[in-house]
Amino acid sequence: MPSLNEVTNLDVDSRIAVLTLNSPPVNALSANVREGLHIGVKSAIENEEVEAIVIICEGRTFIAGADISEFGQEPKGPSLYEVQDMIESSPKPIVSAIHGTALGGGLEVALTCHYRIAVPSSKCGLPEVNLGLLPGAGGTQRLPRIVGAQKAMEMMTSGAHIPANQCLEMGLVDEIANEDSLLEDAVNFANQIINEKRPLVKVRDNDEKINKDRGNEELFSNFRKSIARKTRGFLAPEYNIQCVEAAVNKPFDEGIKVERELFTKLMTGSQSAAQRYAFFSERQANKVPDISKDESIKEIKKVGVIGAGTMGGGISMNFANVGIPVTIIEQNEERLERGISVMRRNYENTARKGRISENDVEKRMGLINGQTSLGSLNDCDLIIEAVFENMDLKKDIFKQLDSIAKEGAILASNTSALNVNEIAAETSRPEDVIGLHFFSPANVMRLLEIVRGEKTSKSVVASSLAIAKKINKIAAVVGVCPGFVGNRILAQRQREANKLILEGALPWEIDDALYDFGFPMGPFAMSDLAGLDIGWNKETSKGETLRDLLCEAGRLGQKSRKGFYLYDENRNKSPDPEVEQIIRDFAETRQIRLRDVTKEEILERCLYPMINEGFKILEEGMAIRASDIDVVWVYGYGWPIYEGGPMFYGSLIGFDKILEGLKQMEEKFGPDFTPSPYLERVVEEKINIFV
Ligand code: 3H9
């Protein structure tokens, strides 16, 4: 095949030119790919023999978008716009042949082609919103011209990857090819286009689908309302909508101007920088420096879960969702039945929302086998203990597992804070023991903290990473220390939030500050949700802490309709003067003078010690890299992704400022704020912690 450059080939066979891109891993539109497309299309147009052109990709996918790693660098080679202009204005029909995913700039290139053919397994989408962006290569103007404004907004603000058959229905692709003969079918389709003298379809000229929505402001305001809760704090969804509004209300070229202007704003802003960082961090977290790609991976064909409570049930569902059978163990039939019926109810709720079918519910439940004896786990490849957080209990279970589990099985604990090495020492095979810390609700939350024990084998770590990917989790490997990475950092925030109440900030003021920062809820709303009486004992309570006093007053949280807040029958919360009084009385008995606390102080007091703890974690080697800490906090604790995570956020503020702030707080409030020596070194030596 004649090569145009390192990543493109042009092959002319009778009257069809086939332009093939081959730029692993995902054929992103790097300078090389753009150059290849440019020269390839140009020379096919100039070649008199050629009557139509097919653009196709080698490897796992069609073009998956612009090359994100090039963003922010000096532009090289032809721009994407030049490439698209050449394709769209070609006097010869151009067909894009899609397999894998046509995403972002990839779909935008396909939308400048005159026709699109796709294999059934392929998907198309404009997922730029997930990078804090909008489609900046005409996608915002062309997509609505094919699918209409409503669908375009849905696709662009969700970033959904739409299956080929739905794309066909929407007119986004024109033909479906056979799964195994895309090239052949695309060439046949191109021949058919020539034979039938089909027109050179330019999506930009097709206004029919958008005309009906011109001036329909309600369409946009309703759409904004429908996504408001989900997109709180994000800029990109709103800008995507504004582009579709422009597509509907302005001529194509004017709409393109709006798109470029808003794209540039997003691209140069901190939200997109944070989201692009998160994209790479998530993938980087899968890589463990001392574990090679070729490390042996244990096949997980059957999973055992010990404990059918909220955690055990949620964990089991992850495996059933991907077709892996699970044996779930409880102490007795009654608890087992309760646990299994909660799982069924969860699945049925999902089916009611239309996300899975009734058939899926039965299929998944059919994979869950309840048992009451640990002995039933003897054929499992992975066993996850998810019982009450009590060291003696866990030790006892692992001791038993040692004589039950088959040779080579992975023995995992879902502990959220306990010492995995101590648990492993109960077995004769500590190399097979690991922590797999899921987050509640375990069937929903994306994060999995993989806790690597002192003796955990490389193969067990690699296999845990592989199974995490299979069940659609984002994994980060952490070391053994109290609370690991996530809860260890959380403890800092919680401590300061509690202290702030006794200085004068009210619980809802603290919650509001953190909610406005972007967290889904503040620490006190979270405590109310979990229940204030966890670990509290009525008999021994002596009114020594605010929590004691609230529990003694029957304020146990959401379940008693009052805790830090008051709750109505729909669980809507409101501040409660009674709580304010309890706090005032408590402060008075301790002779504490309450003062005004600003929102800014609340944020600094809560967030700076978290960043500081991150540095301590790095210094102790409990996280592999700074971005892993951010992955944990974004995907496990709701740190707003557009702020990148505690470490990224710290870098935005400036680590010198964080250090200065910590020193000032240390002077005022004591050693809780003593800066980590590593942070001091990073500031002093200007170390980049993100490389
Ligand atoms: C855009 O297009 C802007 C335009 O509108 C306007 C321009 C003017 N660039 O996810 P995986 C790497 S914005 C660079 O593990 P999978 C990734 O880092 C873009 N690199 O595989 C990883 O590297 P490594 C809009 C990229 O099979 C490797 O490829 N497009 C890009 O699970 C494998 O990735 C998107 O947002 C990229 N665009 O999933 C799509 N994409 O092996 C983003 C991937 O070193 N990509 N890499 O860790 C995806 O959603 C998934 O990668 C995809 C494959 C579904 C394609």
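Predicted model: local features only at pLDDT ≥ 70, side-chain atom pairs only at ≥ 80, totals over all residues.

Me: How are α14 and α15 oriented to each other?
Reply: The axes of α14 (residues 333-352) and α15 (residues 358-366) come within 9 Å. They cross at roughly 155°. Angles over 145 degrees count as roughly antiparallel. So α14 and α15 are roughly antiparallel.

Me: How many charged residues are in the contact of α14 with α15?
Reply: On the α14 side, the residues include Arg 344 and Glu 348. On the α15 side, they include Glu 358, Glu 362 and Arg 364. The contact also has six nonpolar residues and no polar ones. The charged residues number five.

Me: What is the handedness of the crossing of α5 and α10?
Reply: The axes of α5 (residues 149-158) and α10 (residues 236-249) come within 10 Å and cross at roughly 155°. The two helices are therefore roughly antiparallel. Their crossing is right-handed.

Me: How many nonpolar residues are in the contact of α5 with α10?
Reply: Met 153 and Met 156 are among the α5 residues here, and Ile 241 and Val 244 are among those of α10. Two residues of the contact are polar and none is charged. The nonpolar ones number seven.

Me: How far is a nitrogen atom of the ligand from a polar backbone atom of Ile 68?
Reply: Ala 64 also has a polar backbone atom 2.9 Å from a ligand nitrogen. For Ile 68, the distance is 2.9 Å.

How values were computed. Residues numbered from 1 in each chain as written. Heavy atoms only, no water. Axes fitted to C-alpha atoms, helices over the stretch in contact; angles between N-to-C directions. Helix = DSSP H or I, 4+ residues; strand = E, 2+ residues; numbered from the N terminus. Parallel < 35°, antiparallel > 145°, perpendicular 65-115°, else oblique. Contact = heavy atoms within 4.5 Å. Nonpolar A, V, L, I, M, F, W, Y, C, P; charged D, E, K, R; others polar. Polar contact = N/O pair within 3.5 Å; in protein donor to acceptor, adjacent residues only side chain to side chain. Left-handed = near helix turned anticlockwise from the far one by under 90°.
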